[in-house]
Amino acid sequence: MGRLAILGALHEEIADLLAAMDSGAAVHRIAMRDFHVGTLWGTPCVIALSRIGKVAAAATASIVIREFGVSRVIFTGLAGGLHADVEVGDVVVAHTLMQHDMDARPLFGQHEIPLLGRVRFEADAGLSKLLQDSAADFVRDRGVADGAPRVQPRVHAGLIATGDVFVSRAEEAQALRERLPDALCVEMEGAAMAQICYEFGIPFAVMRVISDRADHAAKADFTAFLENVARVYTAGILAPLLKSGALSGA
């Protein structure tokens, strides 16, 4: 049974997963990071805090692949909504990811990763479909939690844009919308992790919960969502898949 890696940039995004690991889990300290290796709801896993940003995410992905021999990687966490159809509380599962701040012109095309000849990285279709379906079940149940109707969150699949900037000004967000009209949301790690998995030939998926609209209210919205909601979404979506063995891999 292959081992699954689950990564998140902030502790709150993976806290409930760490708490649910079997008591025999071991912690390996590598490159100032703690890698929790054990079983989570019956599935062999390594869970790690990548920290924030592209370099941190790429380093963590490299370590779980090289040191722990994982067969697949999932990155989970929060993101700022870009597309008009994406609202706070929605879930976005990546079909593709790109680095919106990569620009090596005139040596290479805008957004092209130098020497790889790629702008976008495709997430594993099967793994992404599992996340989409489980997220759809989760948000449907959440919409009527405690017997009180709520605004129904939605699940989207498409392009996620990654860059080393926390987008918190309306003009920054609008510039991204104009340059990347099909981008659903913006975050700071996914496409860097995707590049590493692509280079190593490891299937991956990225799931993001929308915490804000990447505007002037982003800091306050992100902080509140992180403290109160992020861990609930992550565990709620991943638990059924882990318990069923759907994420165990080959």
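**Burial, pairing and contacts in a predicted model**

Biologist: Are F35 and F68 buried or exposed?
Modeller: The model is a predicted one. A residue counts as buried under 20% relative accessible area and as exposed over 50%. By that cut-off, both F35 and F68 are buried.

Biologist: How many aromatic pairs does a search of the whole structure find, and which class do F35 and F68 fall in?
Modeller: The search of the whole structure finds 3 aromatic pairs. In the pair of F35 and F68, the ring centres are 5.4 Å apart and the planes stand at 35°. Planes under 30 degrees apart would be stacked and those over 60 edge-to-face, so this pair is tilted.

Biologist: How many residues apart in sequence are the parts that F35 and F68 tie together?
Modeller: F35 belongs to strand β3 (residues 33-40), while F68 belongs to helix α2 (residues 54-68). The pair therefore ties together parts whose separation in sequence is 33 residues.

Biologist: Why is strand β10 described as largely enclosed, and which strand pairs with β10 in the parallel sense?
Modeller: Strand β6 (residues 91-99) pairs with β10 in the antiparallel sense over 3 bridges, with V92 opposite R208. The parallel pairing runs over 8 bridges, and I210 in β10 is there the bridge partner of A79. The parallel partner, covering residues 72-81, is strand β5.

Biologist: Which elements give two or more residues to the lining of the largest pocket, and how many charged residues does the lining have?
Modeller: The largest pocket has a volume of about 240 Å³. Its lining comprises 19 residues, with L78, F166, E187, M188 and F222 nearest the centre. The elements giving two or more residues to this lining are β5, β9 (183-187) and β10. By class, the lining holds 12 nonpolar and 2 polar residues, and the charged ones number 5.

Biologist: What is the N to O distance in the salt bridge of R105 and D103?
Modeller: The structure has 11 salt bridges. R105, at 49% relative accessible area, is partly exposed, and D103 is partly exposed at 38%. Their side chains meet in a salt bridge with an N to O distance of 2.8 Å.

Biologist: Which residues are joined with R169 into one network?
Modeller: R169 is partly exposed at 44% relative accessibility, as is E171 at 48%. The side chains of R169 and E171 meet in a salt bridge at 3.3 Å, N to O, and a salt bridge between E172 and R169 is also listed at 3.3 Å. Through shared partners, R169 is joined into one network with E171 and E172.

Key:
Residues numbered from 1 in each chain as written. Predicted model: local features only at pLDDT ≥ 70, side-chain atom pairs only at ≥ 80, totals over all residues. Heavy atoms only, no water. Pairing = 2+ DSSP bridges. Helix = DSSP H or I, 4+ residues; strand = E, 2+ residues; numbered from the N terminus. Phe/Tyr/Trp six-rings, centres within 6.5 Å; stacked < 30°, edge-to-face > 60°. Buried < 20%, exposed > 50% of the residue type's maximum accessible area, 1.4 Å probe, protein only. 1 Å grid on protein atoms, 1.4 Å probe; cavity = no way out; pocket = protein on both sides within 12 Å on 5 of 7 lines; lining within 4 Å. Points joined across faces, edges and corners; volume = space filled by probe spheres on them. Nonpolar A, V, L, I, M, F, W, Y, C, P; charged D, E, K, R; others polar. Salt bridge = Lys/Arg side-chain N within 4 Å of Asp/Glu carboxyl O.
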